[in-house]
Amino acid sequence: MINVHSYESMGTFDGPGLRLVVFLQGCNFRCLYCANPDTIPLKGGKPTEAEEIVRMALSQKAFFGKKGGITFSGGEPTLQAKALIPLFRRLKEEGIHICLDSNGSVLNDYSKELFRLTDLVLLDIKEFNPERHFRITGRENNFTLETAAYLQANNIPMWIRYVLVPGHTDFEADIRAMGEHFQSYSMIKRIEILPYHTLGAHKYEALKKPYLLKGVKENTPEQLDHVRKLFEEYFPVVFVN
């Protein structure tokens with residue numbers, strides 16, 4: 001069984017084309033800006049048969065077109081890698097394009113097999129500097145970097161996603177270090193800058209938890225443009241999502 005938090009039909013921000021987005025329950029990161037804090041607990045969600053998700057994807061397949069498909073997000077999908085492997089195989093049999101939105105922190109035999117069944121990995125790099133990464137997520141980024149190396153070595157395409165949080169992830173030295181580290185990775189097909197937003201802040205009130213980035217303002221167009229130009233010094237395709 002797969003533990004599902006929720007679904008979004010016809011999503012346009014989580015991979016190419018129109019997509020069915022499946023948000024899975026449970027995450028091992030504690031990102032300060034998490035927009036879906038209700039997906040973090042491992043317990044909760046709805047236990048779901050793989051075939052139910054296949055049926056849902058097939059019912060929407062006509063709308064996917066040539067580029068769209070299904071995206072698994074969260075939470076952190078690779079925490080359920082073992083359960084997802086048969087589902088991914090079924091989706092491949094049906095010719096459905098699969099994206100996996102992951103923080104890359106789980107790198108074991110199950111997650112490796114899951115990555116090999118994935119058409120495009122949306123790999124979240126929260127910060128390149130390990131100390132600042134730990135401050136933002138509560139976890140180190142060494143496994144994420146190892147996952148990126150694994151994807152590169154196994155010819156698995158990836159988009160790097162980077163949430164730009166003023167005062168937390170917008171350090172030019174860190175972005176340049178990240179660019180120098182990854183600029184030779186041929187399997188990185190795109191850099192996506194995700195503007196910081198506070199759309200999930202109200203969920204913290206409902207969960208009776210403090211929102212720790214209270215007072216941090218959203219990005220200005222100038223900040224986004226500056227970071228886009230920095231990334232473009234290292235990567236040919238950079239988008240602000």
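Which residues form one aromatic cluster?

Modeller: Happy to, with the reminder that this is a predicted model. The cluster is made up of Phe128, Phe182 and Tyr185. Searching the whole structure turns up six aromatic pairs. One of them joins Phe128 to Phe182 in an edge-to-face arrangement, with 6.4 Å from centre to centre and 75 degrees between the planes. This pair connects distant parts of the chain, since its two members are 54 residues apart. Phe128 lies in the loop between strand E6 (120–124) and helix H4 (130–137), while Phe182 belongs to helix H6 (residues 172–182).

Phe182 also pairs with Tyr185: their ring centres are 5.0 Å apart and their planes meet at 85 degrees, so this pair is edge-to-face too. The angle decides the label, because planes over 60 degrees apart count as edge-to-face.

The charged end of Arg132 is placed over the ring of Phe171, at 3.8 Å from the ring centre. Likewise, Arg190 has its charged end over the ring of Trp159, 4.1 Å from the centre.

Now to the open spaces. The largest pocket has a volume of about 960 Å³. It is lined by 34 residues, and those closest to its centre are Ala35, Asn36, Asp101, Leu194 and His197. At least two lining residues come from each of strand E5 (97–102), strand E7 (158–164) and strand E8 (188–195). E7 gives the largest share, with three residues. By type, the lining of this pocket splits into 16 nonpolar, 10 polar and eight charged residues.

The second largest pocket holds about 220 Å³ of space. Its lining includes Arg30, Cys31, Leu32, Pro37 and Ile40 from one stretch of the numbering, and Tyr204, Lys209, Pro210, Tyr211 and Leu212 from another. Here the lining residues are eight nonpolar and two charged, with no polar ones.

Terms used
Residues are numbered from 1 along each chain as its sequence is written. This is a predicted model: local features need pLDDT of at least 70, side-chain atom pairs count only at pLDDT 80 or more; totals for chains, interfaces and linings use all residues. Side-chain values use heavy atoms; hydrogens and water are left out. Rings of Phe, Tyr and Trp (its six-membered ring) pair if their centres lie within 6.5 Å; planes under 30 degrees apart count as stacked, over 60 as edge-to-face and the rest as tilted. Helices (H or I, at least four residues) and strands (E, at least two) are DSSP runs, numbered from the N terminus. A charge sits over a ring if NZ of Lys or CZ of Arg is within 6 Å of the ring centre and within 35 degrees of the ring normal. On a 1 Å grid over the protein atoms alone, a cavity is a set of points where a 1.4 Å probe fits but cannot get out, and a pocket is an open set with protein on both sides within 12 Å along at least five of seven lines; lining residues have an atom within 4 Å of a point. Grid points are joined across faces, edges and corners, and a volume is the space filled by probe spheres set on the points. Ala, Val, Leu, Ile, Met, Phe, Trp, Tyr, Cys and Pro count as nonpolar, Asp, Glu, Lys and Arg as charged, and the others, Gly among them, as polar.
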